[in-house]
Amino acid sequence: MSPDPAGARVGWGFDAHRLDGSPPLLLGGVTVSDSIGVTATSDGDLLAHAVMDAILGACALGDLGDHFPSDDPDLEDADSMDLLARTVAMAKGSGWRVNHVDVTVIAESVRVAPFRHEMRDRLGGVLGLDGQSISVKATTTDGLGFIGRDEGLAVVAVVTVGPLP
């Protein structure tokens, strides 16, 4: 079934990882730290994963585990921006295009502001969007929980999609 031409959809995505892996730490295809990293099957880019999850949700295409299972040996150290491009292709294949992305990185000590514009550019290149259609923000938990103890970080993403012309 093809999408309603007048319709738009919203998807919400989430990812969280421990900060106990090998560096570097990637967010949105950008190295934000050469001294810390996360434990992950792929390159561990939480921002890309949350956006992928939101796109899949908006298009009713399942979740990351359906398409990119963590026990798949072919995904070991996979480039998450390539996986994001594959997710965008799946959305297009089902009749949808990404219109807008809003992302929040939740971390105690990882700083996003110095890399925000580069993240928006990298995401825009993969998603086919300009920087005005991508928001990258950050917040802390003010010392609360596993994020506040700097044991991990999380990313939430909201994506809107519309039918392809």
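Here is a short walk through the nonpolar core and the salt bridges of this predicted model. Local features need pLDDT of at least 70 and side-chain atom pairs count only at pLDDT 80 or more, while totals for chains, interfaces and linings use all residues. Residues are numbered from 1 along each chain as its sequence is written, and side-chain values use heavy atoms, with hydrogens and water left out.

Let's begin inside. The largest nonpolar core has 45 residues; such a core is a set of buried Ala, Val, Leu, Ile, Met, Phe, Trp, Tyr and Cys residues joined through side-chain atoms within 4.5 Å. Buried means under 20% relative accessible area, exposed over 50%, and partly exposed in between (1.4 Å probe, protein chains only). Among the members that touch the most others are Leu27, Val51 and Leu127. Helix 1 (46-58) is one of the contributing elements, and helix 1 gives the most, with 10 residues. Helices (H or I, at least four residues) and strands (E, at least two) are DSSP runs, numbered from the N terminus. Leaving aside residues up to four places away in sequence, Val51 touches Leu84, Val101, Val103, Ala157 and Val159, where contact means heavy atoms within 4.5 Å.

Now for the charges. The whole structure holds 2 salt bridges, each a side-chain nitrogen of Lys or Arg within 4 Å of a carboxyl oxygen of Asp or Glu. In one, Asp102 pairs with Lys137, with the closest N and O atoms 2.4 Å apart. This pair links strand 4 (residues 96-106) to strand 5 (residues 134-139), across 35 residues. Asp102 is partly exposed at 27%, and Lys137 is partly exposed at 31%. In the other, Arg149 meets Glu151 at 2.9 Å, N to O; Arg149 is exposed at 52%, whereas Glu151 is partly exposed at 40%.
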